[in-house]
Amino acid sequence: MTEATGGLSALRVLDASTVIAAPLVSSLLADFGADVIKVEHPGSGDPARVFEPTKDERSLSFKVTNRNKRSVTVDFHQESGVELFYRLVREVDIVVVNFRPDKLAEWKIDYADLVKHNPRLIMLHISAFGRTGPYANKPGFARIAESFAGLTHITGYPDRPPVFTGYPLADGITGYYGAFATMVAVEHRNRTGEGQLIDLALYEPVLRLMEDFVVGHGATGWVKQRSGNAQAHVVPNDVYPTADGEFVILPVSTNSMWLRLVKLLDDPELTQYESNAARLANRELIDGKVRAFTEKYPLADLLEVCAEAGLAASKINNVTDIVADPQINHRGNLTTVYDPELGTDLLMQAPVPTFSTISGEVRHPGPRLGEHTDEVLRDTAGLTDTEISALRERGTI
């Protein structure tokens, strides 16, 4: 295993979570050098190990979300497994969990239990609805969180049922928000010596993200509704067809952009819509004129015309486009890493962002179940080979 060299190489994290959002938190920290020990149940492991897409019955998604981690197996149903977890907790900075609050209490691995063994411990607990309130012990996943927070209600067309986004965004958003929250807690501990519990509900980052959503309702009673591809507050800002059957996104979000578009379309009628309010009131007319213009050009030619006019425009990339795109490749947004389990290189997203003096790194993809159990228990928990063998015989690991 390549030794971590990123900016977080002094941090040690216990990731006792499953599926996507919470494991993503520790994966982001691991990208920049944190030593992440993933704790899984013996035999079954993280349910995400079977998520599609797969190759040779191995989840490729798991290999990204759990890259740069070491895997150990511990059975929390056994007292010896809980005691073993306590031994690991004493040696780490951060614990990440996403079980329901009642399950953490049942296993005696909640914050109140763990902080007895490590007073400086930071624990991030991600749950569907948070640790408190009437929904605290209700289960939930990304699609539940997106619906509960209001995102699903405003996604889709006004004359059709709500639709989900093409990817469970709540998982990704909460993963990044959880990593941010963890680093806030680390900075606080560096200043004060205090560890703490971070209570993050899966729906909360989604709700926070939609900044116009609540303030508009509170001040005016406005209830945001579905508007399809049309941006609710800006015209033109839609997906428009091209002559070759492709589509272009053409957002004209400022008056300077509007003036450039008016010049490009060379349509005197458009000069009267100087304000965005006037354009909003005439959305159908303006979008019709923009659509008539884009349909004259093949996509590649249209993008060139827009670029020459100083307009923001883009094709709508699929993954094949992304892999081949010169900007993405120039920025190093993709990387390959060898997977010994599959015996092949895997292409995946590289760590972001780019720093001037440190860098993230994908050292290895998600590990085999329990691949590092002996190594971690010996080097981190201080167990002897005899003690490790005894735990294995009892099924604790």
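At what angle do helix H1 and helix H7 pack, and how far apart are their axes? First, the ground rules. This is a predicted model, where local features need pLDDT of at least 70, side-chain atom pairs count only at pLDDT 80 or more, and totals for chains, interfaces and linings use all residues. Residues are numbered from 1 along each chain as its sequence is written, and side-chain values use heavy atoms, with hydrogens and water left out.

Now the helices. H1 covers residues 21-31 and H7 covers residues 169-192; they pack at about 50°, axes 8 Å apart. Helices here are DSSP runs of H or I, at least four residues, and strands are runs of E, at least two, numbered from the N terminus. Axes are lines fitted to C-alpha atoms, for helices over the stretch in contact, with angles from 0 to 180 degrees between N-to-C directions. So H1 is oblique to H7; under 35 degrees would be roughly parallel, over 145 roughly antiparallel, 65 to 115 roughly perpendicular, and the rest is oblique.

Who touches whom? On H1: Ala-21, Leu-24, Val-25, Leu-28 and Leu-29. Their partners on H7 include Gly-175, Ala-179 and Met-183. Contact means heavy atoms within 4.5 Å.

Next, Leu-8. This residue lies in the segment before strand S1 (12-16). Leu-8 is buried, because its relative accessibility is 18%; buried means under 20%, exposed over 50%, partly exposed in between, with a 1.4 Å probe and protein chains only. Leu-8 touches Leu-29, Phe-32, Gly-33, Ala-34 and Met-183, not counting residues up to four places away in sequence. Leu-8 and Val-186 sit 178 residues apart in sequence, but 11 Å apart in space, C-alpha to C-alpha.
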